[in-house]
Amino acid sequence: MSLTRAAPLETPLAEELSTELLDRIDAYWRAANYLSVGQIYLRDNPLLKRPLVPGDIKPMLLGHWGTTPGQNFIYVHLNRIIVQYDLDMIYICGPGHGGPAVVANSYLEGTYSEVYPEISRDECGMQKLFLQFSFPGGIPSHASPECPGSIHEGGELGYSLSHAFGAVFDNPDLIAACVIGDGEAETGPLATAWHSNKFLNPASDGAVLPILHLNGYKISNPTVLARIPREELEQLLSGYGWTPIFVEGDDPRRMHMAMAAALDAAVVQIRNHQGAARQRGVASRPRWPMIVLVSPKGWTGPQVVDGLKVEGSFRAHQVPITDPGRSPARLRLVEDWLSSYRPGELFDFRGRLIESLARLAPVGARRMGSNPHANGGQLLRDLRLPLFRSYAFAVPAPGVAGPGDTRVLAAFLRDVVRLNEPNRNFRLFGPDETLSNGLGSVFEVTARQWDAQTLAEDEWLAPGGRVVEMLSEHQCEGWLEGYLLTGRHGLLNCYEAFIHIVDSMFNQHAKWLKVCRGLAWRRSIASLNILLTSHVWRQDHNGFTHQDPGFVDHVVNKKAEIVRVYLPPDANCLLSVMDHCLRSRDYVNVVVAGKHASPQWLSMDEAVEHCALGIGIWNWASDQRGRDSCPDVVMACCGDVPTLETLAAVTILREHLPELRVRVVNVVDLMKLQSPSEHPHGLGDTDFNAIFTFGKPVIFAFHGYPALIHKLTYRRADHTRFHVHGYREEGTVTTPFDMTVLNELDRFHLALDAVRQLPQTGDAGIALVPFLLERLAEHRRYICKHGQDLPEIRQWKWSPRHVATAVT
Ligand SMILES: Cc1ncc(C[n+]2csc(CCOP(=O)(O)OP(=O)(O)O)c2C)c(N)n1
Ligand SMILES: [Mg+2]
């Protein structure tokens, strides 16, 4: 397909815009620019009814001007095409520091005052609009959740295009206009997001219209894309499969014409591609249009300040004229700048946008600030969930062999996909690992969405699949976030070690959710569910690089009302947990589960009860002699492998120290450990001590880094009695059991630690130590000779005979 390149200077005016419309568009743009500069500078005198005085200026000037006029320009032109073609469109503000632009535009179109009635469409409201921006008690400087129409704060650059694609999946009538900063385009996530076009299904998904905002600069550097030959940029973008349309210049009139022509062309192309796929069944991948807007950074702002060029340079990035409150000359510069937009022509005496301009904006839910997709909870429908209990793995007695916990979950997820296929509101995202993570059953009912070439030997690729896989954790996370933010449901499955790639994306989403909780008008959305598997303990053929359980350490730093972390010990618990997560709202749920064959502990009824409590004494594995009497030691575990090793350690202790009273505690919901003052799931101290006893040693086998358990329990009385075993950053390609030995999480080290903490075990305890050390030595000798774990390890099974039941 050949490239389309709009030649802006040759765009015929008459065909595209009437002079009258052109003037109104320009005036609307000036109004948005005026409101933007006003937000950055003014606390009073919003209509410049009198000359500016220092007291009209905010004491602290915080905001970003440079990107703002370009975004205002884009917004007004999008308004035009929304009206012209009756488009269902949302605006994604990649350089989200252009907050003044999105706030100004949602104010101009009326949305802002509907959501915040005190910010009325008059002089008084305008004054409040200006004052609140970047002001204590007011709103942040970015396209934050407070801003109607935003689903993307853009504080951390890079995710706009992924969010845009996530938003249009399964929204065939939606177009996400996505402004991408040319600096933002240098980030890894954005650079790979161009490839999203190979996944979009033109028949059943909507369209993304990327608008690369090539204003030439970042904070203090030029941008790479602005300093390569235009031809090279064109080749780059068309190499990514797009049809770039260039709009370039700085003369407003010509630029309005060029932008209008470019957007008309883009809409026509989008409609043609969609029509071809939908009406004529054309199956080839479209080369979707995109716009490259080449305009000066800080366009229409001050040209020169202190003898230095500002407009069209990096110096326009933030507040171009600093300290006008203390310099009369600078104050005049600000006044001249504001006056250059001729506010008297734009707003009436009462401060209301004049009628002929107000009519330019779309109405009702067509306004980008009011589009329900941008407040996705409005559109959210409950998932149809099959009865998770019917996927139960039969556990007639603890210790039966399971096929791998995620493999049991997969059948449930398969039917979630199937049941929600008619509503098309559930997707599974993953970086090429859905199969490897044991979730392959989903391919019995769906495929991976794929719009690029398919060969005969490929498996499960189709344009309309419910699974979306690209080897970019950024993409998968960003797509899922966009999908959730627009009112749908989903799950990201990922290798545990590599979820760190999206640490900061998780941060941004958690922050977004936290702020939304304080905004009554933002409706609840489905939780972000992250299933971490192929975890640290079972990296048999990948080794050290694939071993890192630290994502949960990162997650628990976030607001307690947002994050949930679950480590189900077996398949039935995993089913129960996942059912809960898929029903929940406004959280980030992190679930860590294994995919390898492993013993199963709880029947479905027991699992449901255990998961509802989140933590519990496993009586069937604990000393039964006088159940209410205090044990000598608590063997606690959290995670599937730690649970196995703990139960094996209990077996050893029972055999060698039959007098010892051992209690087994299992933790599914990690946040139960925190005190309730820190996390709503936290156990009260009385319940905590009822489980962990007063003062008895706790040998805690943890899936992740031991420090996390210490951190979560530090407010608990006598927390120094917690002796935590977990991942100590020791690993390589070795046997599964050796991984636990290397990190001292294995049964022998756990038993050794118990003896160490229990001097009352006396001679029997002393005698057990060399036995355990010899077991460890034997283990090492055996694996080095045979390349696999000892038969007694491989074949170990829990047996109820290990539990002492005689009441003493
Ligand atoms: C990932 C990330 N790195 C660094 C920053 C700091 N930062 C804020 S704005 C900016 C420059 C952005 O330039 P560009 O994307 O071109 O936006 P614009 O020119 O439209 O302001 C930078 C580096 C950030 N917000 N996010
Ligand atoms: Mg830039």
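This is a predicted model: local features need pLDDT of at least 70, side-chain atom pairs count only at pLDDT 80 or more; totals for chains, interfaces and linings use all residues.
Biologist: OK, so is Gln-508 buried, exposed or partly exposed?

Modeller: Gln-508 counts as partly exposed, because its relative accessibility is 25%. Gln-508 sits in helix H17, where a helix is a DSSP run of H or I of at least four residues, a strand is a run of E of at least two, and both are numbered from the N terminus.

Biologist: How far is Gln-508 from Glu-153, in sequence and in space?

Modeller: The two are 355 residues apart in sequence, yet their C-alpha atoms are 8.4 Å apart in space. Both Glu-153 and Gln-508 are among the residues that lie nearest the centre of the second largest pocket, together with His-509, Lys-511 and Trp-512. By pocket I mean an open set of points on a 1 Å grid over the protein atoms alone, with protein on both sides within 12 Å along at least five of seven lines, and its lining residues have an atom within 4 Å of a point.

Biologist: Which helix gives the most to that lining?

Modeller: H17 does, with seven residues, and the elements giving two or more are helix H16 (473-485) and helix H17 (503-517). The 24 lining residues divide into eight nonpolar, eight polar and eight charged. Here Ala, Val, Leu, Ile, Met, Phe, Trp, Tyr, Cys and Pro count as nonpolar, Asp, Glu, Lys and Arg as charged, and the others, Gly among them, as polar.

Biologist: And the largest pocket, what lines it?

Modeller: The largest pocket is lined by 33 residues, of which Arg-538, Ala-597, Leu-644, Ile-793 and Arg-794 are closest to its centre. Strand E8 (400-401) and the helices H21 (640-656), H24 (736-742) and H27 (791-794) are the elements that give two or more residues, and H21 has the largest share, with four. By class, that lining has 14 nonpolar, 11 polar and eight charged residues.

Biologist: Which side chains have an N or O atom by a ligand oxygen, and at what distance?

Modeller: For His-97, a side-chain N or O atom is 2.6 Å from an oxygen of ligand 1. Thr-67 has a polar side-chain atom at 2.8 Å from a ligand oxygen, and for Asn-215 the corresponding distance is 3.0 Å.

Biologist: Last one: which non-glycine residues have a positive phi?

Modeller: Ser-534 has one, at about 50°, in the loop between strand E14 (528-533) and helix H18 (551-555). With a relative accessible area of 2%, Ser-534 is buried. Arg-424 has a phi near 45°, and Arg-424 is in the loop between helix H14 (405-420) and strand E9 (426-430).

Notes
Residues are numbered from 1 along each chain as its sequence is written. Chains are lettered from A and ligands numbered from 1 in the order in which they are written. Side-chain values use heavy atoms; hydrogens and water are left out. On a 1 Å grid over the protein atoms alone, a cavity is a set of points where a 1.4 Å probe fits but cannot get out, and a pocket is an open set with protein on both sides within 12 Å along at least five of seven lines; lining residues have an atom within 4 Å of a point. Buried means under 20% relative accessible area, exposed over 50%, partly exposed in between (1.4 Å probe, protein chains only). A polar contact is a pair of N or O atoms within 3.5 Å; within protein, one must be able to donate a hydrogen and the other to accept it, and residues adjacent in sequence count only if both atoms are side-chain atoms.
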